[in-house]
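Open your viewer and get a selection tool ready. We will go stop by stop, with something to pick at each one.

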Amino acid sequence: SALAVSTTTGPHFNARLIPESRTPAAGKHLTMALMIEPDKGWHIYWRNPGETGLPPRAMWTLPAGFSAGELQHPVPTEQVVGGLVSNIHEHRVALLTELSVPGTVTVGTPLPLGLKVRLAICSEGQCIPHNLKLALQLVVGDGTPDPGQADLFRRARAELPVPLAQPGSYQISASNL
C-alpha cells in the first residue's frame, strides 16, 4: 500500500509531505503539499524573504520523466524587527508543488518521491538552518484525490496570492522611479 504521508521533526518545527492523490495518473499533474508547522514564536520565510532571511529551497528526487514546479507559497505576514522588514510564515503553512507525471508510466508502477528542503527556522532572537529529508512511495493509478486531504488542498490553494489582472508598469522621470 502507498505510504500516505512522510513526516520529519526538527527543533522548533515539524514538517510533512502530503500528496493530493496516493495514486497519481499518467500524463497528469500531482500536487504535493509540504506542510511546515513552526512552534509558537518561530517562523520560516516566504519565497522573497525581504531584508533578512532564507527562503525554502526544494530539491526533488523523482523517477525518470517526472518534473517539479516551483514551491508555491501563500501570502506572507510582514515582520519588522529593528527596522528590517521580512516576509514570513509564522503559523502552519502548506507550500504546494506541481509534479508532472509522464504519460508513459503504467498503472501499478511504484513511484518513489524524495524531497530535500533547505530552510531557516527563526525566532526574533535566532535562526537555525535546516536540511529536511522527506520521502514517499506512491503507485501510479487513476489520479483519484485522497478524500482525507481535500480540505487541506482546498485551503492551501485559496491562500495563494492572486496574480494581478494587468501587468505592472513604471516610469523614470529625472531621478525618480
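**Stop one: the disulfide**

Select Cys122 and Cys127: a disulfide joins them, with an S to S distance of 1.9 Å. A disulfide here is a pair of cysteine sulfur atoms within 2.5 Å, and the count by this rule is 1. Look along the S-S bond and you will find a right-handed link, with 115° about that bond.

A word on the model before moving on: it is predicted, so local features need pLDDT of at least 70 and side-chain atom pairs count only at pLDDT 80 or more, while totals for chains, interfaces and linings use all residues. Residues are numbered from 1 along each chain as its sequence is written, and side-chain values use heavy atoms, with hydrogens and water left out.

Now show the surface around the two cysteines. Cys122 counts as buried because its relative accessibility is 0%, whereas Cys127 is partly exposed at 45%. (Buried means under 20% relative accessible area, exposed over 50%, and partly exposed in between, using a 1.4 Å probe and protein chains only.)

**Stop two: the sheet**

Switch to cartoon and pick out the open sheet of 5 strands, ordered E1-E2-E3-E9-E6 with antiparallel pairing. Its edge strands are E1 (6–10) and E6 (67–68), each pairing on one side only. Strands are DSSP runs of E with at least two residues, helices are runs of H or I with at least four, and both are numbered from the N terminus. Two strands pair if DSSP finds at least two bridges between them.

Start at E1, which pairs with E2 over 5 bridges; Ser6 has Leu17 of E2 as its bridge partner. In the hairpin of these strands, with 2 residues between them, select His12 to see a positive phi near 80°. Next, follow E2 to E3, a pairing of 7 bridges, where Leu17 stands opposite Leu34. Because 5 of its 7 residues are buried, E2 is largely enclosed by the rest of the structure.

Leu152 counts as buried because its relative accessibility is 10%.
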